[in-house]
Amino acid sequence: MLKLDIFLSALANGLLTGAVYALIALGLTLIYGVLHIINFAHGATLTLAMFAVFVMHSAFKIDPYIAIFMLTPLFFGVGYLLQRLVINPASHGDDSNILLVTLGLSIIFENGLLAIFRSDTRSIDVPYGFDVIEVGNLFLSTPKVIAFVAAFAVAAALWLLLARTDTGKAIRAVAKEKTGAALCGMDVEHIYAVTFGLGTACLAIAACLLMPTFLVNPRIGNAFVLVAFTIVVLGGMGSIGGALAGGLIIGVVESLSGLYFGESLGQIGIFLIFLIVLLFRPTGLFGAKA
Amino acid sequence: MLEVRGLVAGYGGVPILRGVSLDVAPGAVYAVLGANGVGKTTLNRAISGLIPVSGGTITFEGERIDGLKPPAIVERGLIHVPEGRKIFPNMSVRENLELGSYRRAKPRRSANLEKVFATFPRLREREMQFAGTRSGGEQQMLAIGRGLMAEPKLLILDEPSLGLSPLLVEELFVLIARIAAEGLAVMLVEQNVVQSLELAAEASVLANGTVVLSGPAAELSRDPDLEKTYLGM
């Protein structure tokens, strides 16, 4: 019976962690699906957001869950302006330039943070950090349950935005047919920037949800984004449902392979699954057939 | 309503249009004819702001529009239904039409949707299907319908008959005639000379990036030079 409990608890933990992975992957897949670029600055931007949560908490005593409502619009703006004022003008419409520009941005962010905060690992201390919710024989970390619910809420809100609003429809239109979109009067560059802003805002939310139980250092974002890339490919590039399902699967796989192979080998399972999917379903689980 | 004067435009510094001038009057069909590669699509792209203009002027309802971006031109009621339709394949027929009123006529979206469905009953039957799965003829009707959703003052149709069967072309031209009969100005850019001239009040023929013939459509269709010019002889 003990074995089953451990298994279930690893499963639950995997799902909870996976939801935050999904949120990070959501931003990545949205940007990829619409702008058709891989945003190499995604990880560094997540780190930036986590440090923003850290500073707000340690300097201004603002709770991370309150910070969501400030950092989300702030990072939307940061993403919007980055795309509009830096990435778009610097890339001159060439996709390989965009890769380099986003890579360059990630180096600037990382080293900027390194210069300010040094390479120390930091965390914040919140009173509910070690709270648990008891479900049957399982003890679930309260902040992780909150993160799980919030990640799904964000995904649902994003889906509603894309399905129901004119801006969301414009995002989907621009993703597939730029010329047609421009001739309907859509400002393609504005829509691109809005999309980049939304992807970046997802990171701000993820950072606020992570910080109560996690630590931050100037390189932390990369660990998440490597996983997020896997999720995006696994779920199907550009698919929101795919990112969500992929995130949960990856979370569970990581947690279970951590349980069976040892914590430090947890990521092996992720890449095994990743390779198997690429071999047998190269468009991802939810991707359109090419 | 649309005056183009000495228009020079092209791609990457290579001019395709070398001084095009034409006048489109309100409330009638104006045909722009020409063989493949004479610059018809470039002309449309320059008028709707998709490519920059390097010389000459474009005036719409008395205001210069050369140098404006596509959204600003759409806002003024100059709507371009592009060659190749450029519909949104990943979205439903209905969503495609709704986005036609993204910039203009949004408050009257549902009324205009009914009007478009009345003009193109087949679109209503396919309302919830993905636009990308529809036939060429239905996609062309969708593209025109999407243009109509913006309540155009001038509708530019670029090669609407391209890739359609003769029967469908016939049907399409009847529909275009019906739209024009309601008083909408249409600039019909076509390779299909005979049918376009039947529909048009006036027409121009493009060759090598300039207008080589223009005048009332009835006169042009009798002009012995038409065939010669058109074939580039």
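**Note on the predicted two-chain model**

1. Leaving aside neighbours within four places in sequence, A:Phe109 is in contact with A:Ala41, A:Ala44, A:Thr45, A:Thr47 and A:Leu48; two residues are in contact if their C-beta atoms, placed from the backbone, lie within 7 Å. A:Phe109 is found in helix α4 (residues 95-117) of chain A. Helices (H or I, at least four residues) and strands (E, at least two) are DSSP runs, numbered from the N terminus. A:Phe109 is buried, with 20 other C-beta atoms within 10 Å. A residue is buried if 20 or more other C-beta atoms lie within 10 Å of its own, exposed if 12 or fewer, and partly exposed in between.

2. Residues are numbered from 1 along each chain as its sequence is written, and chains are lettered from A and ligands numbered from 1 in the order in which they are written.

3. Chain A has 11 helices and 4 strands. Its radius of gyration is 19 Å, close to the 19 Å that the globule rule gives for 290 residues, so chain A is as compact as a globular protein of that length. The radius is taken over C-alpha atoms, and the rule is 2.2 Å times the number of residues to the power 0.38. The C-alpha trace of chain A spans about 65 × 50 × 35 Å along its principal axes, and 51% of the 290 residues count as buried.

4. Chain B contains 10 helices and 10 strands. A compact globule of 233 residues would have a radius of gyration near 17 Å, and the 17 Å of chain B agrees. Buried residues make up 44% of chain B. Of the contacts in chain B with a separation of 6 or more, 66% are between residues 24 or more positions apart.

5. Chain B has an open sheet of 6 strands in the order β6-β7-β8-β3-β9-β10, with mixed pairing. Two strands pair if DSSP finds at least two bridges between them. The edge strands are β6 (78-81) and β10 (210-216) of chain B, each pairing on one side only. Strands β3 (residues 29-33) and β9 (residues 202-207) of chain B pair in the parallel sense over 4 bridges, and B:Ala203 in β9(B) is the bridge partner of B:Ala31.

6. Helix α6 (residues 136-148) of chain B packs with α3(B) at an angle of about 35°, their axes 7 Å apart. Axes are lines fitted to C-alpha atoms, for helices over the stretch in contact, and angles run from 0 to 180 degrees between N-to-C directions. B:Val93, B:Asn96, B:Leu97, B:Leu99 and B:Gly100 in α3(B) meet B:Leu142, B:Gly145, B:Arg146 and B:Gly147 in α6(B). α6(B) also lies across β6 and β7 of chain B, running at about 170° to β6(B).

7. The contact between the chains takes 23 residues from chain B and 15 residues from chain A. On the side of chain B that touches chain A, α2 (70-75) and α3 (93-100) of chain B are the elements that give two or more residues.

Terms used:
This is a predicted model: local features need pLDDT of at least 70, side-chain atom pairs count only at pLDDT 80 or more; totals for chains, interfaces and linings use all residues.
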